[in-house]
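Here's a quick tour for anyone opening this structure for the first time.

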Amino acid sequence: MSMINIAERHKYILDRLAEKGYVNVVDLCKELDVSGVTIRKDLKLLEDKSLLFRSHGGATVNNPYINDKPVNEKEKLRREEKNNIALAAAAMIAPNDAIIISSGTTALALARNVHPKGHLTVITPALNVAQELLRHPEIEVLQLGGIVRNSSSSVTGTYAERILADFSCSKLFLGLEGIDIEFGLTTTNLMEAQLNARMVTAAQKTIVLADSSKFGRRGFGKICELEDVDEIITDSGISGHVVKALEEMGINVTIV
């Protein structure tokens, strides 16, 4: 690309962001034939104008850092998308299955949409998920124990982690706060992230339940890498570029 001025550079960066949802400093340096220092200054200027959010190695359209919110507040957000994701997830539960359902509002929506075919065993850290499932006499619920977090209505801690070591389940249905192509899966609480990581280990298949707002975002606690994920169920708001990147990693993406 021939030498262009700062305004043209900024337009190029914003156009790329609109197309892909994120930009990478290294790629922009090559495409615009300028130094990393110049691109970082450009990104800072654009962030100061509230046109993007800088993150490690680049920038995103959405704020990549997430604050913890109470579960009853989160439940009001993107309710229709979460319910559609939950319906698709419920269809994946097999007769006489043994599964794990994590905490979170999309996981709770799944619990509300479970209609078991035969006996079903469910392990969960979430009190609200367990309470929802107890309506069905054919579901056996194993409630993990530990310290209950008010904001998520879910337990965390080493006791819950130790119990999981004794089980192997066919599927984990995992709700979370952030999915970043480079950083992996995250949630806002470190102890919750550690418990979720143990759930990934205890399941033969990890199915992530995430509406499209969760992509390009990072919580404080890392759960696992994207390579540990088998399937992601999301809504049609997800960027086509992100879907392609996930499928190239071998992850099956279901859009509802």
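Helix α2 (residues 25-32) and helix α3 (residues 36-48) have axes that come within 9 Å and cross at roughly 110°. Before going on: this is a predicted model, where local features need pLDDT of at least 70, side-chain atom pairs count only at pLDDT 80 or more, and totals for chains, interfaces and linings use all residues. Residues are numbered from 1 along each chain as its sequence is written, and side-chain values use heavy atoms, with hydrogens and water left out.

A word on terms: helices (H or I, at least four residues) and strands (E, at least two) are DSSP runs, numbered from the N terminus. Axes are lines fitted to C-alpha atoms, for helices over the stretch in contact, with angles from 0 to 180 degrees between N-to-C directions.

So α2 and α3 are roughly perpendicular to each other (65 to 115 degrees; under 35 is roughly parallel, over 145 roughly antiparallel, and the rest oblique). Val 25, Leu 28, Cys 29 and Leu 32 of α2 meet Gly 36, Ile 39, Arg 40 and Leu 43 of α3, with contact meaning heavy atoms within 4.5 Å.

Which residues of α2 are buried? They are Val 25, Leu 28, Cys 29 and Leu 32, where buried means under 20% relative accessible area, exposed over 50%, and partly exposed in between (1.4 Å probe, protein chains only). They cover an arc of only 105° around the axis, which puts them on the same side of α2; the arc is that of the directions from the helix axis to the C-beta atoms. Their cover includes α1 (6-20), β1 (22-24), α3 and β3 (58-60).

| Helix pair | Axes come within | Crossing angle |
|---|---|---|
| α2 (25-32) and α3 (36-48) | 9 Å | roughly 110° |
| α5 (79-90) and α6 (105-113) | 8 Å | roughly 55° |

That angle makes α5 oblique to α6. On the α5 side, the contact includes Lys 82, Asn 83 and Ile 85, while Thr 105 and Leu 110 are among the residues from α6.

Finally, there's Asp 97, in the loop between α5 and β4 (98-101). Is Asp 97 buried or exposed? It's buried, with a relative accessible area of 7%. Not counting residues up to four places away in sequence, Asp 97 touches Met 92, His 119, Leu 120, Thr 121, Ser 170 and Lys 171.
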